[in-house]
Amino acid sequence: MDNLAHSLFGAALANAGLARRCGRGTTLALLLASNVPDLDFPWALCQGGGAQILLSRRTLTHSVVGGPLLALALAACLKPFLREQPWKRLWGLCLLGIAGHVFLDLLNSFGVLVLYPLSRTRFALSWVFIVDPVVWALLAMPLLGLLRPWGRARLEVLSRTMLAALGLYLGLCAAGRYRAEALVRAREPAAQVRAFPEPLGPARFRAVAREGSRYRLFLVHLLDGRVEAKGEETSEDGDPVVRSARSRGSGADLDRFFKAPVWRRIPGAREAEVHDLQFRSLVLRRSKPFTFRVGEDGAVLEP
């Protein structure tokens, strides 16, 4: 998720009762911890071009190995300013904020390497789009209530209520994803089907049905159960240049990271091009992120 959602979630956790129970500095610790895992972004920028930035995101700072260490480092930075907070409690608050950050990041399609460096498997629930105004609205409502005297008096109750409402909304999104996959499987029984969230809530999902090297795209409208065909793409998996590019170096890393990769040979060159249909929104028509040229040796060729 985006950093606004992470910050609002940290504030909601504090206002739901933790700030009252844990005392001064609770809100600050949760707000910082809810964003600190994204320190991997500046580090990723130092790794090279676009492909390495993509592959380096949501790794160690989002994992069960790095998360507790990151929480310890943040608690150590905060301790001189929050001397009255016991070490264990401060570390626990930081760890809770980081866990909340990872949970929100698991909700979208990009995924998180939760077990890094023990495993390079990316886990992704693919329930909500990476930016979701409904999540913002639910988490911001208790803070907007502070503008009124009755809201200030009921901040804790409002925060708990909105966290519960967020849980219900995420459950609806999860049900929507699995329903979208079921509708497309009924239409494409021989295909491997995956559904990905589209912007603006769980009413629409993008589904990709794969048979061999051919992908068929569908926009699933859950309110009326309509499955709208949106064309197809074919991956040139049998081309020798493509086979070499996707099996070596950064090309192999991209192929593992992508969930619905489409590989094509670039005419007249010993290079391939790859993009991932999980990132090709059918609603945002001009959205074509994460397209890379890969040499036959598996090296990503930057523009």
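In this predicted model, Glu271 is found in strand β6. The side chain of Glu271 forms a polar contact with that of Arg293, at 3.0 Å. Apart from its neighbours within four places in sequence, Glu271 is in contact with Val241, Arg264, Arg265, Ile266, Arg293, Val294, Gly295 and Leu301.

**Polar side chains elsewhere in the chain**

Glu188 is located in the loop that joins α9 (155-187) and β1 (192-197). With a relative accessible area of 14%, Glu188 falls under the 20% limit and is therefore buried. Its side chain makes a polar contact with the side chain of Arg216 at 2.6 Å. When neighbours within four places in sequence are left aside, the residues in contact with Glu188 are Ala209, Glu211, Arg216 and Phe218.

Arg210 belongs to strand β2 (residues 204-211). The relative accessible area of Arg210 is 22%, so this residue counts as partly exposed. The side chain of Arg210 reaches the backbone oxygen of Gly212 at 2.8 Å. Beyond its neighbours within four places in sequence, Arg210 is in contact with Ala191, Gln192, Tyr215 and Asp237. The C-alpha atoms of Arg210 and Arg194 are separated by 8.6 Å, while the two residues are 16 residues apart along the chain.

| Side chain | Partner | Distance |
|---|---|---|
| Glu188 | Arg216, side chain | 2.6 Å |

**Aromatic pairs**

The model contains five aromatic pairs. In one of them, the ring centres of Phe110 and Phe279 are 6.2 Å apart and the planes meet at 45°, so the pair is tilted. Phe110 sits in the loop between α6 (87-106) and α7 (133-144), and Phe279 in the loop between β6 (271-276) and β7 (292-295); the pair therefore ties together parts that are 169 residues apart in sequence. Phe110 has 10% relative accessibility and counts as buried. Phe279 is likewise buried, with a relative accessible area of 13%.

Phe257 and Phe258 form another tilted aromatic pair, with 5.6 Å from centre to centre and 45° between the planes. Both residues are buried: Phe257 has a relative accessibility of 5%, and Phe258 has one of 4%. A single aromatic cluster is formed by Phe110, Phe257, Phe258, Phe279 and Phe290.

**The largest pocket**

The largest pocket holds about 330 Å³ of space. It is lined by 16 residues, of which Leu113, Arg120, Arg122, Asp253 and Phe257 are the closest to its centre. Helices α4 (50-56) and α11 (249-257) each contribute at least two residues to this lining. By residue class, the lining of the largest pocket comprises six nonpolar, four polar and six charged residues.

Terms used
Residues numbered from 1 in each chain as written. Predicted model: local features only at pLDDT ≥ 70, side-chain atom pairs only at ≥ 80, totals over all residues. Heavy atoms only, no water. Phe/Tyr/Trp six-rings, centres within 6.5 Å; stacked < 30°, edge-to-face > 60°. Helix = DSSP H or I, 4+ residues; strand = E, 2+ residues; numbered from the N terminus. Buried < 20%, exposed > 50% of the residue type's maximum accessible area, 1.4 Å probe, protein only. 1 Å grid on protein atoms, 1.4 Å probe; cavity = no way out; pocket = protein on both sides within 12 Å on 5 of 7 lines; lining within 4 Å. Points joined across faces, edges and corners; volume = space filled by probe spheres on them. Nonpolar A, V, L, I, M, F, W, Y, C, P; charged D, E, K, R; others polar. Polar contact = N/O pair within 3.5 Å; in protein donor to acceptor, adjacent residues only side chain to side chain. Contact = heavy atoms within 4.5 Å.
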